[in-house]
Amino acid sequence: MSARVLDGTAVGQAIRADVRPDVEAFTREAGRPPGIALVLVGNDGGSELYVGSKLKSASESGIRADLERLPATASIDDLLQLVARLNASEVHDGILVQSPLPKSMGPDAERRVFDAIDPAKDVDGFHPVNVGRLVQGRASLVACTPSGVIEMLDRAGIEIAGTRAVVIGRSDIVGKPMALLLLNRHATVTVCHSRTRDLAAVCREADILVAALGRPAFVTQAFVKPGATVIDVGTTPVSDRAVIEALFAPGHRRHTAFEKRGTLVLGDVHPSVEETAGALTPVPGGVGPLTIAMLLKNTVRAAQERLRARQA
Ligand code: NAP
């Protein structure tokens, strides 16, 4: 049997459609649109692409989106000064600093910069104050990728409460907030990582399995209980022909796409899982489009909460 495909592109569009009237209402009330500042340091190709699509999506939704660039040679102090200026800005409700930051800024640069963002403008949901609120089940700004997964499950009518959920990955940006969101929705949650013993057996317990490890096609049918919902968060660009040919036969649309581009973004879930899972997010077109949609939603929420705080 073939799994039901959970279409992230359609859900992303639905979230954006829901955001629009809120943007319009805010703009009428505040006399300005919600605003987000996107900070890009250096010129990493991948980051340019991500920031470009975030800017475009925000503008299309009626949100003011400003790109703030710093050269790759900028110091961490330059970046912290920019964040301080944006924290004080009246017109920016959200601040997003695109990672990764240049290595020259030091190993703890991301943590220092995320910690410096005003929690009220932390639309990425990475600030310890927002993470703490999530732990306590009273979050408002939550990391976009995991909160997008919850939206996807809800909109697909997939029950969370009472289920067994397994999350592979314990990063601060995906695995941990994902586990907390599922826990807050009354799932019984297990978090797995590189030291987990007998990973496949643990995963086979899951009604909802979230793979967020960044290892292409790692999660095989042996990890999946028949009928389970499998969420594939992984996105790894692969240009090794042998890897692609081991996964997709010639003539398969993904094989053809690889022939055209010479590279393919792969998820963490093996294509054969389609035969075991009850529902499955594809890569691309699964979790990816939700992340940007949730960023827009967080920006509007931050704008509304800042306005309410000023009116109080
Ligand atoms: P990360 O920081 O590298 O974390 C990976 C996690 O996976 C770690 O907790 C690691 O365990 C665990 N892991 C690695 N190998 C493992 C193995 N063999 N068995 C069990 N666990 C293993 O990555 P991330 O930032 O969370 O991202 C994960 C993936 O999601 C990446 O492919 C990333 O590109 C993708 N992603 C996609 C989106 C999107 O919008 N679609 C957004 C964000 C991230 P340890 O903690 O023990 O090292």
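Glu151 and Arg155 sit 4 residues apart in helix α6 (residues 144–155), so about one helical turn separates them. Their side chains meet in a salt bridge (2.8 Å, N to O), a term for a side-chain nitrogen of Lys or Arg within 4 Å of a carboxyl oxygen of Asp or Glu. Helices (H or I, at least four residues) and strands (E, at least two) are DSSP runs, numbered from the N terminus. Glu151 is buried at 13% relative accessible area, while Arg155 is partly exposed at 36%; buried means under 20%, exposed over 50%, and partly exposed in between (1.4 Å probe, protein chains only). Both residues belong to a network of salt bridges that also links Asp18 and Lys297.

This is a predicted model, in which local features need pLDDT of at least 70 and side-chain atom pairs count only at pLDDT 80 or more, whereas totals for chains, interfaces and linings use all residues. Residues are numbered from 1 along each chain as its sequence is written, and side-chain values use heavy atoms, leaving out hydrogens and water.

The structure holds 18 salt bridges. Another of them joins Arg111 to Asp172, with the closest N and O atoms 3.0 Å apart. This pair links distant parts of the chain, 61 residues apart: Arg111 lies in helix α4 (residues 109–116), and Asp172 in the loop between β5 (164–168) and α7 (175–184). Arg111 is exposed, at 54%, and Asp172 partly exposed, at 42%.

A further salt bridge brings together the side chains of Lys56 and Glu60 (3.2 Å, N to O). Both lie in helix α2 (residues 45–60), 4 residues apart, about one turn of the helix.
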